[in-house]
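The entries follow the order in which I looked things up.

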Amino acid sequence: MLFRSFKGTEERINAATQEGNVQAARDALGELTLKTKEFEDFRKTCTPAEIFLVKYDVKVINDHTVSFVIPRGVSRIEMLQEAQGVVTERDLIWPDQLAEWEKDPKFTTNATKSERICIDGHVPDSINKDRTDQERMVGKENLPTLEDLAVAFAVNWIATKEPLFGWYNKSDGFSYVVRAVGGALCFLSNGLHVHDIHGGNGNA
């Protein structure tokens, strides 16, 4: 993928610079320039959704698992804002929720290094547990953070047009509720948002 190609070239530039190998750094920089042109040519032939999926190297593992790359210097909120713009037929994320996340440091902090994240949108044994019950699971289960779960949902929707959590009632347009470290998320007709699940259902 182009992302891995860019990352490999960037690493070569950094290594050559640290070693003081000026020619190797120049060669790698020239290669990066060519790849940048290749990417720009690629962009002209693709839809915004296709560009998004390539940019973040999104891989759909199965109907409830997705992986993606958060590039160095990019924040979760940037990815969510970009995803919101890519999905034009509806609000992917409830706008009020997006505005709230735009003020949350967990969402706005830039990644210090490129990182691949894999999220399973199914939380085992969480059906019919209320919020207190589910919060007892935090630390016992490998729950994702709220911010990573939100990004995973967004990238999966762009790739598949299906909710990562599965449909609780597809005809009425709402998904299961899934708990994460820091809250629970649900997808309704007004978009993805944090859901208070006092007495509510989780997802299996």
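Entry 1, salt bridges. I looked up the salt bridges, taken as a side-chain nitrogen of Lys or Arg within 4 Å of a carboxyl oxygen of Asp or Glu, and found that the structure holds seven of them. Before going further I noted that the model is predicted, that local features need pLDDT of at least 70 and side-chain atom pairs pLDDT 80 or more, and that totals for chains, interfaces and linings use all residues. I also noted that residues are numbered from 1 along each chain as its sequence is written, and that side-chain values use heavy atoms, with hydrogens and water left out.

The side chains of E82 and K55 form a salt bridge with an N to O distance of 3.1 Å. Because E82 lies in helix α4 (residues 76-86) and K55 in helix α3 (residues 48-55), this pair ties together parts that are 27 residues apart in sequence; helices here are DSSP runs of H or I with at least four residues, strands are runs of E with at least two, and both are numbered from the N terminus. For exposure I used relative accessible area, with buried under 20%, exposed over 50% and partly exposed in between (1.4 Å probe, protein chains only). E82 counts as partly exposed at 25%, and K55 is partly exposed at 34%.

In the salt bridge between R76 and D148 the closest N and O atoms are 2.8 Å apart. R76 belongs to α4 and D148 to α8, so the pair ties together parts that are 72 residues apart in sequence. R76 is buried, with a relative accessible area of 13%, and D148 is buried at 11%.

Within it, D57 forms a salt bridge with K59, the closest N and O atoms being 3.8 Å apart. D57 is buried at 1% relative accessible area, whereas K59 is partly exposed at 32%.

How do the axes of α3 and α4 cross? They come within 9 Å and cross at roughly 155° (lines fitted to C-alpha atoms over the stretch in contact, with angles from 0 to 180 degrees between N-to-C directions). The two helices are therefore roughly antiparallel, a term that applies to angles over 145 degrees. The contact (heavy atoms within 4.5 Å) is made by P48, A49, F52 and K55 of α3 and by M79, E82, A83 and V86 of α4.

Is I158 buried or exposed? I found I158 in helix α8 (residues 146-160), and at 7% relative accessibility I158 counts as buried. Leaving aside neighbours within four places in sequence, I158 is in contact with A49, F52, L53, A83, V86 and V87. The C-alpha atoms of I158 and A49 are separated by 6.4 Å, although the two are 109 residues apart along the chain.

The protein chain has eight helices and eight strands, and of its 204 residues 41% count as buried. Of the contacts in the chain with a separation of 6 or more, 67% come from residues 24 or more positions apart.

Terms used:
Parallel < 35°, antiparallel > 145°, perpendicular 65-115°, else oblique.
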